[in-house]
Amino acid sequence: MLSKRVAKFNPSVCVACGACVKECPRSAIFIYKGCYAEGKAELCVGCGKCAKICPSGCIEIKERQEINEKALV
């Protein structure tokens, strides 16, 4: 069962430092092409550890339903 919350990434702000990758307890985050962090929503449990450690503030924890509805628009 998926969690109610999920991490949302803003690639234009990400500095690809990898701090979030190391912090994620589910290995749900990776650095895409060495440029920015991206997450696998199906693995994310929405714990928020990545958002707390991110030095650039590019990660937000959102309600999963809110993310899914925006993707459909």
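1. A cavity, on a 1 Å grid over the protein atoms alone, is a set of points where a 1.4 Å probe fits but cannot get out, and its volume is the space filled by probe spheres set on the points, with grid points joined across faces, edges and corners. By that definition the structure holds 2 cavities of 30 Å³ or more. The model is a predicted one, in which local features need pLDDT of at least 70 and side-chain atom pairs count only at pLDDT 80 or more, while totals for chains, interfaces and linings use all residues. Residues are numbered from 1 along each chain as its sequence is written, and side-chain values use heavy atoms, with hydrogens and water left out.

2. On the overall fold, the protein has 3 helices and 4 strands, where helices (H or I, at least four residues) and strands (E, at least two) are DSSP runs numbered from the N terminus. Along the sequence these elements follow the pattern β-α-β-β-α-β-α. Of the 73 residues, 26% are buried, where buried means under 20% relative accessible area, exposed means over 50%, and partly exposed lies in between (1.4 Å probe, protein chains only). Contact here means heavy atoms within 4.5 Å, and among contacts between residues at least 6 apart in sequence, 58% join residues at least 24 apart.

3. The largest cavity has a volume of about 90 Å³. Its lining consists of 15 residues, of which Cys 24, Pro 25, Cys 44, Cys 47 and Cys 50 lie nearest the centre. That lining divides into 11 nonpolar, 2 polar and 2 charged residues, with Ala, Val, Leu, Ile, Met, Phe, Trp, Tyr, Cys and Pro counted as nonpolar, Asp, Glu, Lys and Arg as charged, and the others, Gly among them, as polar.

4. The second largest cavity has a volume of about 70 Å³, and of the 14 residues that line this cavity, Cys 14, Cys 17, Cys 20, Cys 54 and Cys 58 are the closest to its centre. By class, the lining has 12 nonpolar, 2 polar and no charged residues.

5. A disulfide is a pair of cysteine sulfur atoms within 2.5 Å, and a search of the whole structure finds 0 of them. Cys 47 is in no disulfide, the nearest cysteine sulfur being that of Cys 50, 6.2 Å away; Cys 47 is also partly exposed, at 37% relative accessibility. For Cys 58, the closest cysteine sulfur is in Cys 54, and the separation of 3.8 Å is too far for a bond. Cys 58 itself is buried, with a relative accessible area of 4%.

6. A nonpolar core is a set of buried Ala, Val, Leu, Ile, Met, Phe, Trp, Tyr and Cys residues joined through side-chain atoms within 4.5 Å. The largest such core has 14 residues, and those with the most contacts inside it are Ala 7, Phe 9, Cys 20, Ile 29, Ala 37, Cys 50 and Ile 59; its largest share, 3 residues, comes from strand E1 (residues 5-9). In soluble globular proteins, nonpolar side chains tend to be buried together. Leaving out residues up to four places away in sequence, Ala 37 touches Phe 9, Cys 14, Cys 20, Ile 29, Phe 30 and Ile 31.

7. Glu 38 lies in strand E3 (residues 36-39) and is partly exposed, with a relative accessible area of 30%. Apart from its neighbours within four places in sequence, Glu 38 is in contact with Phe 9, Ala 28, Ile 29, Phe 30 and Tyr 32. The C-alpha atoms of Glu 38 and Lys 8 are 8.4 Å apart, although 30 residues separate the two along the chain.

8. Most residues other than glycine have a negative phi. Lys 33, in the loop between strand E2 (29-32) and E3, has a positive phi near 50° and counts as exposed, at 65% relative accessibility.

9. Lys 22 is found in helix H1 and is exposed, at 74% relative accessibility. Lys 22 and Ile 53 are 31 residues apart in sequence, and their C-alpha atoms are 9.8 Å apart in space.

Terms used. On a 1 Å grid over the protein atoms alone, a cavity is a set of points where a 1.4 Å probe fits but cannot get out, and a pocket is an open set with protein on both sides within 12 Å along at least five of seven lines; lining residues have an atom within 4 Å of a point.
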